[in-house]
Structures are given as C-alpha cells and as structure tokens.
Amino acid sequence: MWKGRFETDTSDRLVAFGESISFDQRLYRHDIAGSIAHARALVSAGILTQDEFDQIEIGLTGIRDDIDAGNFEFKIELEDIHMNIESELTKRIGAAGAKLHTARSRNDQVALDTRMYCRDAIDAIREAIGVLQSSLVEHAAAHPDAVLPGYTHLQRGQPVLYAHHLLAYVEMLDRDSARLEDARVRVDVMPLGSGALAGSTICLDRQSVADELGFAALSQNSMDAVSDRDYIAEILFGLGLLGIHLSRLGEDLILWCTAEFDFARLSDAHTTGSSLMPQKKNPDIAELTRGKSGRLVGNLVSLLVTLKGLPMTYNRDLQEDKEPLFDSIDTAMATLPLMADMIRDMVINDSSMRAAASDEMLLATDIADYLVRKGVPFRDSHDIVGSLTAHSVREGVAFSAISIETLRGFSEAFSEDVYDVLQVKGALAARQGIGAPSPENCASQITRWRTDLEERPKV
Ligand code: ARG
C-alpha cells in the first residue's frame with residue numbers, strides 16, 4: 001500500500017513484529033460501516049460517482065459477509081484490518097476500490113473503528129452488569145429474613161440483613177455502569193476527516209458521516225483526534241474498578257463457602273473438584289474473578305504507560321492500545337454472566353448465618369444507644385458497655401443472662417426494658433434511617449432496583 005517510495009520489501013521480522021491483524025480483525029464490521037459512510041461523503045464531494053459508490057458498497061458488504069461466514073483469509077503482510085479490507089476490495093472491484101482511501105488515513109480510520117467498537121462494547125457490558133445486578137437483587141428478594149454479621153476489619157461488628165449486604169454490591173456495580181455510560185459520551189465523537197493529522201485538502205461533509213454512523217459529536221481538532229486515546233483509558237479504568245468490585249464480591253463468596261463460615265454453598269455447576277482431595281468443592285469462578293482483576297488493572301497501567309511521553313500526534317505506539325482494551329472487554333464479558341449465574345444458583349445456610357449474627361456482642365452498640373436514650377452521654381455509655389463486655393467475656397455470660405441488679409451496678413440507667421434491645425430482629429427494625437438495613441428499607445430498595453433495572457435499555 002506504500003510501495004511507491006520503497007525499493008525492497010519489508011523484512012519478515014518487521015512484518016511479524018508490526019502486524020495487528022491477528023487482533024484488530026475484530027474491528028471489521030466497524031471498519032466496513034465506516035468505509036461505506038466515507039464513500040458516501042466522497043460521492044457528495046464529487047470524488048466518486050454513484051456507480052463507483054454502489055460497487056464499493058456491494059464489495060464491502062460482500063467482504064463483511066465472507067468474514068462473518070469465516071470465509072476470508074487475513075494476510076499479515078497487509079498488516080492490519082484496514083489494509084486487509086481495502087486491498088481485498090480493490091482486488092474485487094478494481095479502480096473504484098482504489099479511490100476509497102481519498103481524504104482518509106489509517107490514523108483517523110483506526111480511531112473511528114475503535115470508537116465504534118467501544119460504543120458497542122460499553123452497551124454490552126452495561127447490559128451484563130445489569131444482569132448481575134438483577135441476580136443479586138433477586139437473591140436478596142428471595143431471602144428477606146436472612147441475617148448475618150456485618151464485619152469491619154473482618155471482625156464481627158453489627159447484625160445486618162443478608163439483603164443489605166448483597167445490595168451493597170448492587171450499588172457498586174451501578175457506579176461502574178454509570179462510569180461507563182459517562183465515558184461513552186467522550187467515546188461518541190466522530191474523528192474521520194482528521195486524516196493523518198491535518199485533515200485534507202479535499203473537504204468532506206463530516207456531519208453527514210457522523211449522522212450515518214450515529215455519532216453525537218464531531219472531533220474539533222484533527223491533531224487531537226488522531227492521537228487521543230483518553231476514551232480507552234477511561235474505559236480501562238472503568239473496567240479496572242469493575243474488576244476490583246467483582247474481586248471483592250468473589251472474596252466474600254469464597255469466605256462464605258469455607259467450612260469456617262459455612263454461610264453459602266455454590267452449585268456443582270459452578271464449582272470444581274480437586275484431583276487429589278476427593279472431598280473438595282472449589283469456588284474457582286470467584287477465585288478466577290479475583291485473579292482476573294489483576295489483568296484488568298494491568299491493562300489500564302499498560303495503556304497509560306504507552307501514552308506517557310508520546311509526542312504529537314499519531315505514533316505507532318498507539319497500536320498497543322488494542323490488546324489491553326480487547327482483553328479487558330473480553331474479561332468483563334466473560335466474568336459478569338458467570339458471576340450472575342453463580343449467584344442465582346447459590347444456596348445460603350440461613351441458620352449458620354443467623355447463629356453467627358445472634359452473637360450478642362454484635363448488639364453492644366445497641367446497648368450503648370439504649371443508655372444514650374436514657375440520657376447517658378455517648379462517650380460514657382461506650383465506656384460502660386465496654387466494661388460490661390469485659391465482664392461478659394470474663395464470666396462467660398451473655399448480655400441477656402446478666403441480671404438487672406448486676407447491670408445496674410454498671411449504670412443506674414439500666415432498667416428491665418434493656419432486654420428488649422437484645423433481639424436481632426428488633427435491632428434491625430430500629431435501623432430505619434435512609435440507607436440503614438431495616439427490613440422495610442431493604443424491601444423498598446429491592447423494589448427500587450427492580451424498577452430501575454427493568455427500565456435499562458437492552459442491547
Ligand atoms: N494498525 C494501526 C494501529 O492500530 C493502524 C494505524 C496505522 N497508521 C500508521 N500510520 N501506520 O494503530
């Protein structure tokens with residue numbers, strides 16, 4: 001494609017080193033749609049006749065169908081998807097094909113293709129996030145009474161509804177989805193017409209190209225347009241943080257499935273055995289999800305380091321943007337549905353959760369709050385309940401088994417109604433503030449999420 005200036009062929013080593021066709025072939029549909037829109041603009045500009053456009057459109061859709069059907073031979077000598085398609089088109093239709101690259105460079109072409117690909121990927125990932133959110137919401141809805149200890153420092157803190165715990169992940173995932181939706185605004189900018197870096201002396205109607213390809217905006221600086229990869233960095237950050245959230249969810253599930261916790265069991269379909277220890281059921285999906293967060297974060301770092309220090313404008317380094325991008329998208333798209341399935345089929349052990357949550361130590365804060373309601377300043381009540389806890393541990397006696405006389409020895413403010421505080425059910429019901437885990441709050445959150453997720457557009 002650049003033979004004019006060269007006397008010898010490219011070295012085989014360089015061909016193998018520089019090719020991107022092995023991974024950018026997945027851009028073919030976008031490349032072809034972009035070329036058809038570009039060809040239409042060339043007609044309006046008087047560069048192509050309608051007849052030449054028709055030949056190009058038929059040629060390109062034929063190539064697309066052949067690639068769809070697996071009947072297309074990609075050639076690494078043609079380096080990338082852009083040159084593979086253009087060269088095949090010219091082979092098929094001749095002279096008209098050779099006019100297609102007028103007023104275009106692979107620099108604006110690859111930016112166009114990648115942006116179109118990213119729009120679709122974001123839509124698909126957001127839909128998959130919604131499916132996982134629904135799986136969590138439905139699991140929460142199916143276990144409205146389940147309680148478990150809430151932990152800080154992985155030490156038992158206070159009892160919470162199981163639903164509240166699951167809905168915390170629904171919130172995190174919603175931020176991931178919103179972040180990608182926001183990034184999509186900056187993806188949805190049409191770069192074609194920027195040429196190699198300085199536009200072209202042949203002026204095309206860029207707005208009509210953008211309209212045909214469904215872009216919301218046009219890039220306004222040709223140099224920025226061919227060198228900008230911020231939108232990929234944003235997506236990779238969004239997917240990196242999504243990966244971290246999924247990793248944390250995975251870690252909770254791994255803990256819950258240990259004999260020590262025994263809060264949950266994963267289905268046979270979503271666990272694996274050990275080749276040595278016959279009793280094992282391993283939570284591999286959750287572990288691999290936790291593990292794959294490493295590559296998601298790595299892909300972001302990889303791109304940022306690639307971008308650092310690049311002079312304006314396009315540099316071949318930028319070809320290194322695609323593998324991290326594709327890998328993160330593939331990883332997210334593989335992980336999200338599996339996590340959704342695994343949670344849907346997970347069985348929880350209500351009674352062992354409840355037993356753990358019934359540890360009266362978890363209600364120490366509630367006793368301190370009780371004293372506050374009786375007029376004791378919180379710092380004093382914290383101190384009193386601290387001493388009471390030490391007593392309870394020393395004597396091996398639960399709060400509810402300590403007599404009222406003994407309790408009054410710790411504070412005159414105690415009376416018989418303190419024993420009412422020592423019920424998990426009441427403790428949860430009392431947590432009515434916005435965002436707190438009362439059963440009423442959890443139920444209305446489930447309703448809110450169901451409506452919200454229902455209304456999300458599907459790809
Ligand atoms: N395969 C290239 C990439 O991904 C396409 C653009 C090539 N541009 C160039 N001037 N060599 O970046």
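User: In which helix does H139 lie?
Analyst: The model is a predicted one. The helix in question covers residues 106-142.

User: Is H139 buried or exposed?
Analyst: A residue counts as buried under 20% relative accessible area and as exposed over 50%. H139 has a relative accessible area of 5%. H139 is therefore buried.

User: Which residues is H139 in contact with, leaving aside its neighbours within four places in sequence?
Analyst: Contact here means heavy atoms within 4.5 Å. With the neighbours within four places in sequence left aside, the contacts of H139 are Y162, L166, I343, R344, M346 and I348.

User: How far from a polar atom of the side chain of H139 does the backbone oxygen of M346 lie?
Analyst: M346 is one of the residues in contact with H139. On the M346 side the atom is the backbone oxygen, and on the H139 side it is a polar atom of the side chain. The distance between the two is 2.9 Å.

User: How is α7 oriented relative to α8?
Analyst: Helix α8 spans residues 162-187, and its axis lies 9 Å from that of α7. The two helices pack at an angle of about 165°. Angles over 145 degrees count as roughly antiparallel. That makes the orientation of α7 to α8 roughly antiparallel.

User: What is the handedness of the crossing where α7 passes α8, and how many charged residues does the contact have?
Analyst: The crossing of α7 past α8 is left-handed. By class, this contact has 17 nonpolar and three polar residues. Its charged residues number nine.

User: Which residues does S135 touch, not counting those up to four places away in sequence?
Analyst: S135 has its place in helix α7. At 10% relative accessibility, it counts as buried. Beyond four places in sequence, S135 touches A340, I343 and R344.

User: Where is A340 found, and which residues is it in contact with beyond its neighbours within four places in sequence?
Analyst: A340 is found in helix α13, residues 322-344. Its relative accessible area of 5% makes A340 buried. Leaving aside its neighbours within four places in sequence, A340 is in contact with V131, L132 and S135.

User: How far apart in space are A340 and A128, C-alpha to C-alpha?
Analyst: In sequence, A340 and A128 are 212 residues apart. In space, their C-alpha to C-alpha distance is 8.7 Å.

User: How are α12 and α13 oriented to each other?
Analyst: The axes of α12, residues 284-307, and α13 come within 10 Å. They cross at roughly 155°. Since angles over 145 degrees count as roughly antiparallel, α12 and α13 are roughly antiparallel to each other.

User: How do the residues of the contact of α12 with α13 divide by class?
Analyst: α12 passes α13 in a left-handed crossing. On the α12 side the residues include I285, K292 and R295, and on the α13 side they include P324, D327 and M342. The residues of this contact divide into seven nonpolar, six polar and three charged.

User: Which peptide bond is cis, with omega near 0°?
Analyst: One of its two residues, T313, lies in the loop between α12 and α13. The cis bond runs from M312 to T313.

User: Are α3 and α5 parallel or oblique to each other?
Analyst: Helix α3 covers residues 28-44 and helix α5 covers residues 81-93, with their axes 10 Å apart. They pack at an angle of about 55°. α3 and α5 are therefore oblique to each other.

User: Which residues of α3 and α5 meet?
Analyst: α3 passes α5 in a right-handed crossing. From α3 the residues are Y28, D31 and I32, and from α5 they are I81, H82 and I85.

User: What is phi of E79, and what is phi of H153?
Analyst: E79 lies in the loop between α4 and α5 and counts as buried at 11% relative accessibility. H153 is found in the loop between β1 and β2 and is exposed, with a relative accessible area of 75%. Each phi is a positive value in a residue other than glycine. Phi of E79 is near 65°, and phi of H153 is near 60°.

Technical notes: Residues are numbered from 1 along each chain as its sequence is written. This is a predicted model: local features need pLDDT of at least 70, side-chain atom pairs count only at pLDDT 80 or more; totals for chains, interfaces and linings use all residues. Side-chain values use heavy atoms; hydrogens and water are left out. Axes are lines fitted to C-alpha atoms, for helices over the stretch in contact, and angles run from 0 to 180 degrees between N-to-C directions. Angles under 35 degrees count as roughly parallel, over 145 as roughly antiparallel, 65 to 115 as roughly perpendicular and the rest as oblique. A crossing is left-handed if the near helix is turned anticlockwise from the far one by less than a right angle, and right-handed if clockwise. Buried means under 20% relative accessible area, exposed over 50%, partly exposed in between (1.4 Å probe, protein chains only). A polar contact is a pair of N or O atoms within 3.5 Å; within protein, one must be able to donate a hydrogen and the other to accept it, and residues adjacent in sequence count only if both atoms are side-chain atoms. Ala, Val, Leu, Ile, Met, Phe, Trp, Tyr, Cys and Pro count as nonpolar, Asp, Glu, Lys and Arg as charged, and the others, Gly among them, as polar.
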